[in-house]
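This report goes through one structure part by part. Keep the sequence and the 3D view at hand while reading.

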Amino acid sequence: MLLAGLACGTPDAGPPGDTAPPPGGETGETADQTPFLVDVQVTVDGTPVEGATVVQAGREAAWTTDVGGRVAVEVDPTVPGDLVLVAAWPDARNVGAPVDGAGALTLALERFDPADNEAYVFADPGAHAVGDSTAAECGHCHLTLHEGWAESAHRSAAKNPVVHEVYQGVDFDRDEEGCADVGAWEGAREPGTGAAVQACVVAEPAPADGGCADCHAPGIGGVLAGHDLLDAVGLAYEYGVHCDVCHKVESVDPGAAPGVAGWLRVLRPSDLSPSPLLGPWHPLQFGPYIDVVNPAMGAVYRAHLHEADFCGGCHQLEPVVAGADPARWPDGRLPVHTTWAEWEAGPMNPAAPCQSCHMPPVADVGNAADLGNEFDLVPGVAGGWYRAPGAVRAHTWDGPRAVASGMLELAARLELATEVDGDVLVVRATVQNVGPGHALPTGEPLRQVVLEVDAACAGEPLDAVGGDVIPDWGGAAAERRAPDTLDRFPGAAVGDLVRLARAMGWVDYEGYGPFGDGRFDAEAKGVPDYEFVGSAQIVAVTADGVVTVDHPEWLAQADVAWWVRAADTTAALAGRPGFGFARVLADAGGRRMVPHALATDVVSDNRLLPGASWTSEHRFRTVCADPVAAATLSYRAWPWAEAQRYGWELTPRTMAEASR
Amino acid sequence: MMFWAWACVADESSERGLPEVPAAEEARARPEMPFPPDAVDLDPEPGRVAYALGAQAAVHLVGDEEIVGYGYDGMAPGPTLRATVGDVLTLDLYNTLEVATTVHWHGMEVPAAMDGVELVQTPIPAGGAFTYTFPVRHAGTFWMHPHVDTDRQVDLGLYGVVVVDSPDEPPADDDVVLVFDAWDEAESGDGAADDHTPPDPRTVTWTVNGALDPRWSLSAGAAVRARLLNASNTSYLALRWPGVRRLGTDQGLWGAPGVVDDLVLAPGDRAEVEVLAGGGPLDVVTAPWSAAGGAAWGEPRRLFTVEGGLDTAPPLAMVFSGAGPPPDPGRTDLLYVFQGGAPDTDWLINGEAWPEVTVPTVALGAELVVELRNLSATEHPFHVHGNRLAVVSVDGIAPDTLQVEDTVNVGIRSVVRLLMVPSEPGRWLAHCHLLSHEQGGMIAAIDVE
């Protein structure tokens, strides 16, 4: 163990460990740059072990010990920095020793205590600034990784205001006066402190059964699983999914309870620290590299950091839900969040795990500790060794929220085909999931992909006369269905719209799980097949809310009507020409597109699986020979109705546009 | 090429930059720039060029290392084939290797039967021969290499340049080829890394026309047209060559000349530049660039030095069309999405790996809009056989001038749109020219009818 490596060395001072004799053996001098062989024996707790991995730090090549724990390793003396051989074993911290010529070397590893330590306090990721942090903080050395993480959704997982508002059913931005019409001014708890406050309760809260915190706030500490999300205070609240949590995951158990409740097996060190410089416990980090021997890390190699199963720990949620219809969900589990399973069943498995798209290579850093960029160190124990450009992967986990990443623009293909049939322009819009290895959209089921289709002659919009529409969750102030009358919308005003559609049955499609494997018929798949009838303008409203529209004949042709306020026509899209792709969850009362913690059913799921496409048809009355159709495919993080309820900003992001 | 790097750094000073060698000693140690000879035209008839080459075992001297490899007529690069637009080019290839081989005419519009891929040709067996013959349609800088066991055979040195002149272009004082190859792209032996790990641009050894760090002495007053080829398997060049005009790309002249500040040449990629005598010696360097992430950490490394003499040369009297990029038709006919990156797995296009791929059929002569999207963990130089690709846009931005390519690098999370008009019927491959990726399944195909 090279304890001297804890401190940051300088070229003048010489690399840490430079003068230390190699533990367990002597190696001779070498005078040139010729590769030389070192006979390495690896022991664990004093016993030679077969199958241990030996590497020369700073190289990709790896060797494996034989039955006697031995292997001959060819050392490349041209590798910049200290020449160090490192041994790795799954149950022991890596051990390294310097070599300077051919000879023999014993690398003695010691097993770490396999018991998780509830007394351990997760390390602080720290400030991202050299000089503003201490070596005990991750960002002190890992500048680039820290910088990426600090802007990521992982960092804000525990303090995400949307999560907290849904968790308590509260709109924290609304004052008592503003709450009067939409909710109840009642007791709530302040996110980040847990303090009792008064807030505007606008919806039913999520059950505080710990499921949320197991992924959103895994760094709460103590007993790992089952915390109330409001237990997240301090670092656990501020930093959410952070360095010392992910790198404490010793193994993964796909299929177990999400997060730190089972899927991600966290192992916090129980061994006492060998030095007060290293804190109270012997450092222990599970990482993606074998040649890390800085004693401040206590590094142990784990391949799962490269694999989708690791990400699946918090990107796969199929909870058992009380009240789920056993005829639809025999085991009581609702497929709420199935990104990992979608990938696992898809064509990107195994070639493109999550990391290959969401953690792209970073070529402009010397290594994960910014060796050569920020730190003028000799490559060695303290700062690590140079890695081939791109070996370091970004810790940004770019997704739909990372606008600059362009991930949404890469995900889908949108193509239009048109034909003119008499005075009708027929537009067929095909949307294909061409990029992701998972469904589109995926993850949090409030997410939607919305297609809007229009047509024009010389820039003048054409009237739609038929075809598919955006479903209810596209947003409307109210909905009415036959056999109820379609003209009663209390609160409506002249100038508002009533979008009208005819029910044609059910859309059949191939979606995830029972929505595509034959278990559900089209009706059970739950996507109504609506045919556009018209978008009528309200011209009169009675005191009891009966509306008169400019095309009353459409009311008779329609089976469903959506009232849209004049101010909302570009955001509340239900009934508009277009289509939509979403997983729709419903609560026990039948309310659709609810947050997953309230759901008792997945009523539909027509999201596009990897490679899948869907063609919708739309018809417009054309007044010219060369009409132009245009379509926009957008992503919405949450539905219009929830945005209205909680006061969230609805900011659709364009994924693709097409015209023809 | 699998051997330990000549240029691996031995100490910190050299690791941070170029070797510090006294000038006089440096001058003695550095070789003169070699140029591959022109192959001998065996057909005196106008309108025809005929060549004969042998695919042979060869020993390449790279610095002090002797590398046992292959070469056309024993050379890497092999002799340069020259032709003029309108010629019929014939090559009799004699295979004296112990393995089968073929010739693929990279970038040339040839009949499908001449494309050198196993779809259309039984590889030429050891001791066998094959005659390739086709009309030469377009001017440009092309190259020839095997398309069987490609990763290994190209790596061992089987490649050469094909220069096609246009009668409309004025001859240069010198018209030369500069072929770059990287010779230590991966570790070898026990414990070698998975080939999904891109080579380290800080340690690969680059040769120019087979020479390490040569000096190129221009003739006094010379105006030189230099045709550049990156023949490496997986290594990128990011050339910094101030003061030269960029004349063209894979498929001949651009619509207008450009400059060479950071010229990224992906494996398989070509460029044409104008080099003028005059001024003092100039080091041409490559900045670190990796398939895994592009511009990389590290210092630029010298590839060669141009010694330009004292007499300034006038620029070449090239006539550029002035054409801009084609407008974007707003549709996509062929979409290729690149995926992958996990060790020991396939590289994918549209979720598929060769040979289990969907093959679309397109019409001969139809204008196709091709879109490339890269969602994988590395860049990919995408090469379409037997077709020319006009660049419409890169990440939504149209180029300044007409650029016609056959090998287009696509950065990570980048989108490239191209126009293509198939001119020959048959089945054509389209693949990543990082040859380990090609071997790893990153191949698509198009049927042209």
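Setting aside neighbours within four places in sequence, Gln198(A) is in contact with Trp185(A), Glu186(A) and Gly187(A). The model is a predicted one, and in it Gln198(A) sits in strand β11 of chain A, residues 196-201. Phe172(A) is 26 residues from Gln198(A) in sequence, while the C-alpha atoms of the two are 9.1 Å apart in space.

Is Gln198(A) buried or exposed? Gln198(A) counts as exposed because 12 other C-beta atoms lie within 10 Å, and the cut-off for exposed is 12 or fewer.

## Chain A as a whole

Chain A contains 13 helices and 32 strands. Its C-alpha atoms fill a box of roughly 95 × 60 × 45 Å along the principal axes. Of the 660 residues in chain A, 53% are buried. Among the contacts in chain A between residues at least 6 apart in sequence, 66% join residues at least 24 apart.

Helix α1 of chain A spans residues 143-150 and is mostly covered, with six of its eight residues buried. Those buried residues are Leu143(A), Thr144(A), Leu145(A), His146(A), Gly148(A) and Trp149(A). They pack against α6 (243-246) and β16 (361-362) of chain A.

Helix α2 of chain A, residues 161-168, is also mostly covered: six of its eight residues are buried. The buried residues of α2(A) are Val163(A), His164(A), Glu165(A), Val166(A), Tyr167(A) and Gln168(A). Their packing partners in chain A are β9 (170-171), β10 (184-189), α4 (211-216) and α13 (640-646). Just after α2(A) comes Gly169(A), with a positive phi of about 65 degrees.

## A four-stranded sheet in chain A

Chain A has an open sheet of four strands in the order β18-β19-β30-β22, with antiparallel pairing. The edge strands, each pairing on one side only, are β18 (412-421) and β22 (463-467) of chain A. From one strand to the next, the twist averages 25 degrees.

How many bridges join β22(A) to β30 of chain A? There are four, and the two strands run antiparallel, with β30 covering residues 613-621. Opposite Asp463(A) stands Arg621(A) in β30(A).

## Where the chains meet

The contact between the chains involves 43 residues of chain B and 41 residues of chain A. On the side of chain B that touches chain A, the elements giving two or more residues are α1 (12-15), β21 (294-295) and β23 (334-339) of chain B. The largest share of this side, three residues, comes from β23(B). By class, this side of chain B has 21 nonpolar, 13 polar and nine charged residues.

## Domains of chain B

The domain assignment divides chain B into domain 1 (48-163), domain 2 (172-307) and domain 3 (334-448). The C-alpha centres of domain 1 and domain 2 of chain B lie 22 Å apart. Their contact takes 19 residues from domain 1 of chain B and 19 residues from domain 2 of chain B.

On the side of domain 1 that touches domain 2, the elements of chain B giving two or more residues are β1 (48-62), β7 (140-145), α3 (150-155) and β8 (160-165). The residues of this side of domain 1 divide into nine nonpolar, eight polar and two charged.

## The nonpolar core

The largest nonpolar core has 318 residues, and those touching the most other members are Val54(A), Leu85(A), Val86(A), Ala87(A), Leu500(A), Val162(B) and Leu418(B). Neighbours within four places in sequence aside, Val162(B) is in contact with Leu81(B), Trp105(B), Met108(B), Phe142(B), Trp143(B) and Met144(B).

## Backbone details in the loops

A cis peptide bond links Asn349(A) to Pro350(A), with omega near 10 degrees. Pro350(A) is in the loop between α8 (339-344) and α9 (354-358) of chain A. In chain B, the bond joining Ala76(B) and Pro77(B) is cis, with omega about 0 degrees, and Pro77(B) is found in the loop between β2 (65-72) and β3 (81-84).

Asp149(B), a residue other than glycine, has a positive phi near 50 degrees and lies in the loop between β7 and α3 of chain B. Asp149(B) counts as partly exposed because it has 17 C-beta neighbours inside 10 Å. For Asp213(B), phi is also positive and near 50 degrees. Asp213(B) belongs to the loop between β11 (211-212) and β12 (215-217) of chain B. Asp213(B) is buried because 23 other C-beta atoms lie within 10 Å, and 20 or more is the cut-off for buried.

Key: Residues numbered from 1 in each chain as written. Chains lettered and ligands numbered in written order. Predicted model: local features only at pLDDT ≥ 70, side-chain atom pairs only at ≥ 80, totals over all residues. Contact = placed C-beta atoms within 7 Å. Nonpolar A, V, L, I, M, F, W, Y, C, P; charged D, E, K, R; others polar. Domains from an automatic or database assignment. Pairing = 2+ DSSP bridges. Axes fitted to C-alpha atoms, helices over the stretch in contact; angles between N-to-C directions. Core = buried A, V, L, I, M, F, W, Y, C linked by C-beta atoms within 7 Å.
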